[in-house]
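This report describes one structure, starting with strand pairing and moving on to helices, core, contact and confidence. The structure is shown below.

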Amino acid sequence: MMAIKTEPFVLNIGPVHPSTHGVFRMRATLDGEVIVNLEPVFGYLHRGIEKLAEERTYTGIIPLTDRLDYLASMSNNLAYVLAVEKLAGISIPERAEYLRVIIAELQRIASHLIAVGAFLNDCGAFFTPFLYMFREREKIVDLFEMLSGQRLLYNYMRIGGFTQDIPDEFLPALDKFVKQMPSFIDEYDYLLKENEILLARAKGVGILPKELAINISASGPVLRASGVKWDIRKVDPYSIYDRFEFDIPTGTAGDCYDRYRVRVEEMRQSLRIIRQAMEQLPAGPIRSEVPHLVRPPAGEAYGHIEAPKGELGFYLVSDNSIAPYRCHIRAPSLLNLTALRDMMIGWKIQDAIIIFGSIDITMGEVDR
Amino acid sequence: MAIVDSAPTALGRLETLPSDWPVGFWSHWGVFTVVIIAFVLLMVMGFIWLERRGMGRMQARLGPNRAGPFGLLQPVADAIKVLLKENITPAQGDKIVHWLAPVVVFAPTLMIFAVVPFSDGALLADLNVGILYVVAISSISALGVFMAGWASSNKYSLVGAMRNIAAVVSYEIPLVVAIASVVLLTGSLSMNDIVLAQHIPFILLQPLGFLIFFISGCAEINRSPFDLMEADSELVAGFHIEYSGMRFAMFYLAEYSEAVIISAIITTLFLGGWRGPVLPPWLWFIVKVFIVFFVMVWTRTTLPRVRIDQLMALAWKFLFPLALINLFITGIELLTWPEALPWVMILVNIAITAVLVLLWSKFFKLGWGRVEV
């Protein structure tokens, strides 16, 4: 009797697929349900932001940075203005520094909420955690709307400070949010932390070993879940992060579950930072004297921050004109994604989806 | 036996039943066919409404609320919309099989209702092998699902269909063994006799059997957390990804009428069917069916999805051995204390269930994890 001839088949996951979080394509070779090879295909959302930046004034680039990681626009703004301030040697008022910290940490919570919600949605929890997380994110978006009038692409930070001071109703609303949020995080933990199915699906799945994580220069929660205590806020404190007390949560195994846990713990730490910053927030100006067209001296600067998804860096080269000669963006999503193949091989399609979800990428940042 | 009364034989009632009706057997047949089709369609609409509104409430949103009061007419609006859509057959697909698949999935779901009693003797055909007929007919729809997956010429639908076959074949076994322990109690395969025998709902006498049946039933009809065949975050829609218009509506209808059936059978086997005080029997039946379905909606909004190997492991390593043990224990109980008080038996069985489930989940590992390639 002749044996049945079997062969692996190729499944295109994406570019349009509910779980690719944008337009990303994975060309997976499957043996039954098991992934034997995987080829990530990038570039569907390429808009040439780095090249566009060379044609704009330094202030005019800020709206472009909004469109990188559109789920954490404020963090992108912050990384960019820090780089320009470093390049031009601009110092900013105390009040602006504190507000930047508050806003960056709020943005981290908002981004992690989506990351956790989308991850659980990929696990198959039918939109419930996703919508609950969105309910909390909505409050942060409302806060940002008070500041900038926008709800997604804020374009709020400026070189040397902010566009305008915070409105009067901002601090009471922020206070209310900071008081409410811990109980919500506890509630989600109560529902999900020990969920049997979630443990079975995410524990030990998609392990990113410590050495590999360092070698691919992963950063952010992906790196910390692999057990590396690396956070730009601690190892190279920018802004005024050295004035606050907070811990860096790390995982041990580097699996999907650890990445999820690290994000939840980071939300708690962010709330801690916001609470301290609110207590210390001084009065005063929110913007230093900066010329309308910034002309930094010729040279180069690299400004980096701990964005929600990892180390977000802007490398700017100035030729003493009103536009940068070169603007390079170190996008954490792209670098974290480079380990995708190593993490996915040998797992099943369902695991591949949650591994991809647990890395937490935004395609706007990957393709730029 | 104390707990089970001696119900009249199914055959005896079949002869007497049509005489209650003006024109005899054929009018009974005609009336019940119409009643069943109307019942299934109305229940499906009710289920869709309950699921969407219930999920809306559980997910901190409103759910459909535009069409009719409380969005009650939303299923009607959906049906009208979907009927006006174009039917698309994939160019590379097998046209005939693609056309036939929704029918093969939907038709058995109507057929099963022939043996489900709405009231004492109020059923289309009181087959003396009723529950066996249910098991046999419900397996047919798996064939239709595979036809759909194959004929669509789409890799996602093929993977979904293969998952469906694997799940249905595996979960049929604990399902049948759980039914067998109920049949041991009643001594009859007729659905009507099973209801008549339940002075105490069998959920109390057979708690483990109920759990196994409920879980296997959810897996059979692709309800969460076992909805791997149409996993929207992985396979987009699974086997019906290439269906549109009326044919998609047939799958949608079949999905919910399967939910109606599993709820109706759980009601009949474990919750005392149409039995209940004050309210008329048919109303009790509908209320119980809705309660069972509500639990399914609840699990769907609460739980993440399991993986395919975990699905298989749950069937073969957890449910199947427990179902066999349950059958064994039920047999021993019926042999050794045929005159035992039902309340003693309830307490003993609940204790056994708790111990078994706890013990088994301790030394049971879900799935296998990574495969070396």
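In this predicted model, A:Asn12 stands opposite A:Arg27, a residue of strand E2 of chain A. The pairing behind this is antiparallel: strand E1 (residues 9–13) of chain A and strand E2 (residues 25–31) of chain A are joined by five bridges. E2(A) also pairs with strand E3 (residues 34–41) of chain A, again in the antiparallel sense, over seven bridges. Here A:Met26 stands opposite A:Pro40 in E3(A). The hairpin of E2(A) and E3(A) has two residues between the strands, and A:Gly32 takes a positive phi near 70° there.

| Strand pair | Sense | Bridges | Residues opposite each other |
|---|---|---|---|
| E1(A) and E2(A) | antiparallel | five bridges | A:Asn12 and A:Arg27 |
| E2(A) and E3(A) | antiparallel | seven bridges | A:Met26 and A:Pro40 |

**Chain B**

The secondary structure of chain B consists of 14 helices and zero strands. Of its 373 residues, 47% are buried. Among the contacts in chain B with a separation of 6 or more, 78% are between residues 24 or more positions apart.

Helix H6 (residues 140–151) of chain B can be taken as a detailed case. Its twelve residues reach 17 Å from the first C-alpha to the last, close to the 16 Å expected at 1.5 Å a residue. Is H6(B) enclosed or open? Nine of its twelve residues are buried, so H6(B) is largely enclosed by the rest of the structure. The buried residues are B:Ser141, B:Ala142, B:Gly144, B:Val145, B:Phe146, B:Met147, B:Ala148, B:Gly149 and B:Ala151. What covers them includes four helices of chain B: H4 (95–112), H5 (130–138), H7 (155–186) and H11 (245–270). Just after H6(B), B:Ser153 takes a positive phi of about 55°.

In soluble globular proteins, nonpolar side chains tend to be buried together. The largest nonpolar core in this model has 209 residues, and B:Val260 and B:Leu311 have the most contacts inside it. Helix H4 (residues 94–123) of chain A contributes the largest share of this core, 17 residues. Leaving aside residues up to four places away in sequence, B:Val260 touches B:Val40, B:Met43, B:Val44, B:Phe47 and B:Val289.

**Contact between the chains**

How many residues does each chain bring to the contact? Chain A supplies 35 residues and chain B supplies 29 residues. On the side of chain B that touches chain A, the elements giving two or more residues are helix H12 (281–302) and helix H13 (308–336) of chain B. H12(B) gives the most to this side, with three residues. By class, this side of chain B has twelve nonpolar, eight polar and nine charged residues.

**Confidence**

The model scores ipTM 0.81 and pTM 0.84. In chain B the average pLDDT is 81, and 89% of the residues score at least 70. Residues 1–18 of chain B have a pLDDT below 50, and this stretch has 35 contacts in the model beyond near neighbours in sequence. Where pLDDT is low, the predicted coordinates should not be read in detail.

Terms used
Residues numbered from 1 in each chain as written. Chains lettered and ligands numbered in written order. Predicted model: local features only at pLDDT ≥ 70, side-chain atom pairs only at ≥ 80, totals over all residues. Contact = placed C-beta atoms within 7 Å. Nonpolar A, V, L, I, M, F, W, Y, C, P; charged D, E, K, R; others polar. pLDDT = per-residue confidence, 0-100. Expected span 1.5 Å × (residues − 1). Buried ≥ 20, exposed ≤ 12 C-beta atoms within 10 Å, placed from the backbone. Core = buried A, V, L, I, M, F, W, Y, C linked by C-beta atoms within 7 Å. Pairing = 2+ DSSP bridges.
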